[in-house]
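The sequence and structure come first.

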Amino acid sequence: MGNRVARDDYEWVYTDQPHADRRKEILAKYPEIKSLMGHDPRLKWIVCMMVAIQFLAFYLVKDLDWKWVLFWTYAFGSCVNHSMTLAIHEISHNAAFGNHKAMRNRWFAIFANLPVGLPYSASFKRYHLDHHRYLGGDGVDVDIPTEFEGWFFCTRLRKFIWIALQPVFYAIRPLCINPKPISQLELINLAVQLSFNAGLYWVWGAKPVVYMLAGSLLGMGLHPISGHFIAEHYMFLKGHETYSYYGSLNLLTFNVGYHNEHHDFPSIPGRRLPLVKKIAAEYYDDLPQYTSWVRVLYDFIMDDDLSPYSRIKRKLKGEVKQE
């Protein structure tokens, strides 16, 4: 558990990300893929159902013994809340109401944020679109771990701890890498969420609040679904920047595993990404891919060649336009 990872820096490259060129090539060959773009009319109803399910869970756990609160927090609440964060990811791409109703998507994301407990939906949108536009961009893409993370979490035990604390680092990292002025929508998101949390505590007590917050932290930490954090962009094979996962957990995660497809076509909702792969199969079948996020987590911890430094990074050229 004490072996140190040999890598002591990111994988610096001097080429542009591959997704824009592949998108142009695929659209030139398969223009019908444009018909898949646009919002997903079913998304808003699925999100409303998920919110209702968690509200029912809040009511049901309020009278349980603490041991059962903790059990259902990890067994159920963590799955639903992680799935909700990926619904918010979909909404950040305006998949709920379309680009022509952008603000309706922002307000709906704040609503979807309620059972997660952590007020992040407004901030996530601002940083996530930078991640797409400037993938691996030094000082811009906050999906890239900090120098401290790469330096310190360099043994198997420390990598295990780092994965367990992923939500903490995702919260802190933007402040270290690319701090932005707080927007009015972020303040509203904060006020609405804190008011909801306080109201939940006042009506039903501490157990639903613990179920909600612990479910989010556990679900985004050491959890099978959180394997997607590592699987998406960590360089398991030299030179490959983005990886797709085609396993069954896509059913719970709005097809976020179709990650090459998503970065190639971020305006296509997750529900339609399997059609992209089906239509343009020759562009995706031979790319490195995963079938198990649990195996991804295990391999990342146990492989002494992998660490938070195992990311492709690039210096950005020209004008950088951020959200």
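H3 and H4 run roughly antiparallel to each other, a label given to angles over 145 degrees. The model is predicted, so local features need pLDDT of at least 70 and side-chain atom pairs pLDDT 80 or more, while totals for chains, interfaces and linings use all residues. Residues are numbered from 1 along each chain as its sequence is written, and side-chain values use heavy atoms, with hydrogens and water left out.

**Helix pair H3 and H4**

- The axes of H3 (residues 66-92) and H4 (residues 102-113) come within 9 Å and cross at roughly 175°.
- Axes are lines fitted to C-alpha atoms, for helices over the stretch in contact, with angles from 0 to 180 degrees between N-to-C directions; helices are DSSP runs (H or I, at least four residues) and strands are E runs of at least two, numbered from the N terminus.
- On the H3 side, Met84, Ile88, Ile91 and Ser92 make the contact, and they meet Asn105, Arg106, Phe108, Ala109, Ala112 and Asn113 of H4 (contact: heavy atoms within 4.5 Å).
- By class, this contact of H3 with H4 has six nonpolar, three polar and one charged residues (nonpolar: Ala, Val, Leu, Ile, Met, Phe, Trp, Tyr, Cys and Pro; charged: Asp, Glu, Lys and Arg; polar: the others, Gly among them).

**Largest pocket**

- The largest pocket has a volume of about 1100 Å³. A pocket is an open set of points on a 1 Å grid over the protein atoms alone, where a 1.4 Å probe fits, with protein on both sides within 12 Å along at least five of seven lines; lining residues have an atom within 4 Å of a point.
- Its lining numbers 37 residues, and Tyr120, Phe124, Tyr170, Ala171 and Pro174 lie nearest its centre.
- H3, H5 (121-133), H8 (166-177), H9 (184-204) and H11 (227-233) each supply at least two lining residues.
- The lining has 21 nonpolar, ten polar and six charged residues.

**Second largest pocket**

- The second largest pocket holds about 550 Å³.
- It is lined by 24 residues, with Gln17, His132, Arg133, Tyr134 and Leu135 closest to its centre.
- H1 (19-29) and H5 each supply at least two lining residues, and the largest share, four residues, comes from H1.
- Its lining has nine nonpolar, six polar and nine charged residues.

**Record annotations**

- An unreviewed UniProt entry annotates residues 43-61, 107-124 and 210-231 as "transmembrane region"; such annotations may be inferred rather than shown by experiment.
- Residues 43-61 are 100% helix and 0% strand, with end C-alpha atoms 27 Å apart.
- Residues 107-124 are 61% helix and 0% strand, with end C-alpha atoms 13 Å apart.

Technical notes: Angles under 35 degrees count as roughly parallel, over 145 as roughly antiparallel, 65 to 115 as roughly perpendicular and the rest as oblique. Grid points are joined across faces, edges and corners, and a volume is the space filled by probe spheres set on the points.
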